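Please consult the sequence and the structure shown here.

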Amino acid sequence: MIAPALPVPYIAAWSGEKAAERRLVCRADGIAYADEQPDDRDQYGVLWNGRARARGVGRPRFGEVHPVRQREAMAYLLCQVCGAPADRDERGTLWLLEDNRADWTGWPDGLMTAHPPVCLPCARQAADLCPHLRGRYVAVRVRESDACAVLGRRWAPTALGTPQRLDKRVIPYGNPAARWVTAGQLIRSLHGCTVVVLDDTRQPTSPRRR
Ligand SMILES: [Zn+2]
């Protein structure tokens, strides 16, 4: 029996999408591309990783997140799996989150996540294709979320003024350090959260077994 193929998530990178090979330079106020264009930065002035965009070319790289599509999905609340608008009802936008309810009372209120939301068909498909997700993930309705930070590579000037590569960190917007990162993922903080049972809204697809 052939296992059902997992969809390639919208935000996954493909081998045909070459990493940006653009020269970085240090300016007095932060990191910049030598040949920078206005759309290399977001509305808060943070520089983004300019990876090429060629979805479907080559092989999917399941473990790699494409910076442009992840940012797009997070900014516009698109499904991370298919790229269609994420599901929203009167309780809010649908997210599938690793179940960390033990972390704090009221979890996941206040959680910062790099994982974009999902649409209902993809959430159901994920639960069907990956039974192991059921115990580890929960569906959450999020009334409000705030694009508050980026996950990015930090840079610092060397003594010669050339860019030196540092680690990857989550940097909040408004923090002066955000001028010194090349952002790879947009982070949202989640508020007004309700843990929901996905099966509640499931349409019956086959006669119920007795
Ligand atoms: Zn979807």
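Predicted model: local features only at pLDDT ≥ 70, side-chain atom pairs only at ≥ 80, totals over all residues.

Valine 197 is exposed because 9 other C-beta atoms lie within 10 Å.

**Strand 9 and its partners**

- Strand 9 covers residues 137-157 and is joined to strand 7, residues 92-98, by six bridges. These two strands run antiparallel.
- Strand 10 comprises residues 163-172 and runs antiparallel to strand 9, with eight bridges between them.
- Within that pairing, arginine 165 in strand 10 faces tryptophan 155 as its opposite residue.
- Strands 9 and 10 form a hairpin, and five residues lie between them. The turn contains glycine 161, which has a positive phi of about 90°.

**Strand 11 and its partners**

- Strand 11, residues 181-196, is joined to strand 9 by 14 bridges, and the two run antiparallel.
- Strand 4, residues 47-48, pairs with strand 11 in the parallel sense over two bridges. Here threonine 182 in strand 11 is the bridge partner of leucine 47.
- Strand 8, residues 112-113, also has two bridges to strand 11, but in the antiparallel sense. Serine 189 in strand 11 stands opposite methionine 112.

**Valine 197**

- Where does valine 197 lie relative to strand 11? Its place is in the segment after that strand.
- How far apart are valine 197 and glutamate 90 in sequence and in space? They are separated by 107 residues in sequence and by 15 Å in space, C-alpha to C-alpha.
- Is valine 197 buried or exposed? Valine 197 is exposed, since its count of 9 other C-beta atoms within 10 Å falls under the cut-off of 12 or fewer.

Methods
Residues numbered from 1 in each chain as written. Pairing = 2+ DSSP bridges. Helix = DSSP H or I, 4+ residues; strand = E, 2+ residues; numbered from the N terminus. Buried ≥ 20, exposed ≤ 12 C-beta atoms within 10 Å, placed from the backbone.
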